[in-house]
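Q: How should I read a binding-site annotation against a model? Please walk me through one.

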Amino acid sequence: MATEGKNLSAYDKNKIPNAKEFRFGIVVSEWNDSITENLCNGAMQVLLENEVLERKIVRWNVPGSFELIYGCKKMQESYDMLDAIIAIGSVIEGETKHFDFVCEAVSQGIKDLNVQNDIPVIFCVLTDQNMQQAIDRSGGRHGNKGAEAAVAAIKMAQLRKDSRL
Ligand SMILES: Nc1c(NC[C@H](O)[C@H](O)[C@H](O)CO)[nH]c(=O)[nH]c1=O
Ligand SMILES: CC(=O)[C@@H](O)COP(=O)(O)O
């Protein structure tokens, strides 16, 4: 199902685990920061409204979405007590094929981090054809993908905990 007709911010609190004991990392790209800050705010709002303590959320910034790969890898290594990490970026198509290479690299790189390491990394990277699409998905008419990512982070943190039992 495409985003059209779906509210990215909508979720049923009764269908997600209690997140009170979890610790989260958020790595935020500074490229298109008007978008990424809104995505981060959306994620933070969901985490806090699900009783995650603000002191249990660590945030790092990186220059661009390509650097999310390294930033999330170092966060996995530096904070092994984290339960999940959210990678936040906004890639907007320009005149050249650079968009394709950045999007492919970031998606593959974050996938690799999930395969190679034990802390799940949530892919909250918008890959839009234009700024309006990004606005629509970071608190606009389609809701906030940051909220969606935070729900995914809570669910994956619980799955990781359950898998250890
Ligand atoms: N054009 C966008 C970029 N480009 C920068 C790269 O992500 C990277 O920082 C650079 O190539 C140096 O390694 N990044 C975004 O996040 N969004 C864009 O639209
Ligand atoms: C995703 C990008 O790197 C892109 O926005 C850069 O723009 P351009 O392809 O016009 O150099």
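The dialogue below takes the annotation, then the ligand shell.

A: First, the ground rules. This is a predicted model: local features need pLDDT of at least 70, side-chain atom pairs count only at pLDDT 80 or more, and totals for chains, interfaces and linings use all residues. Residues are numbered from 1 along each chain as its sequence is written, while chains are lettered from A and ligands numbered from 1 in the order in which they are written.

Q: Which residues does UniProt place under "binding site"?
A: UniProt positions follow the numbering used here, feature names are shortened, and annotations may be inferred rather than shown by experiment. The unreviewed entry lists Glu 95, Thr 96 and Arg 137. They span 43 residues in sequence, and the farthest two C-alpha atoms are 23.1 Å apart, so they do not all gather at one spot.

Q: Where does Glu 95 lie?
A: Helices (H or I, at least four residues) and strands (E, at least two) are DSSP runs, numbered from the N terminus. Glu 95 sits in the loop between strand S3 (84-92) and helix H3 (98-116). Thr 96 is in the loop between S3 and H3.

Q: Is Glu 95 buried or exposed?
A: Count other C-beta atoms, placed from the backbone, within 10 Å of the residue's own: 20 or more is buried, 12 or fewer exposed, in between partly exposed. Glu 95 has 6, so it is exposed. Thr 96 has 8 and is exposed.

Q: Which residues are around ligand 2?
A: A residue counts if its C-beta atom, placed from the backbone, lies within 6 Å of the molecule. The shell includes Glu 95, Thr 96, His 98 and Phe 99. H3 gives the largest share, 3 residues.
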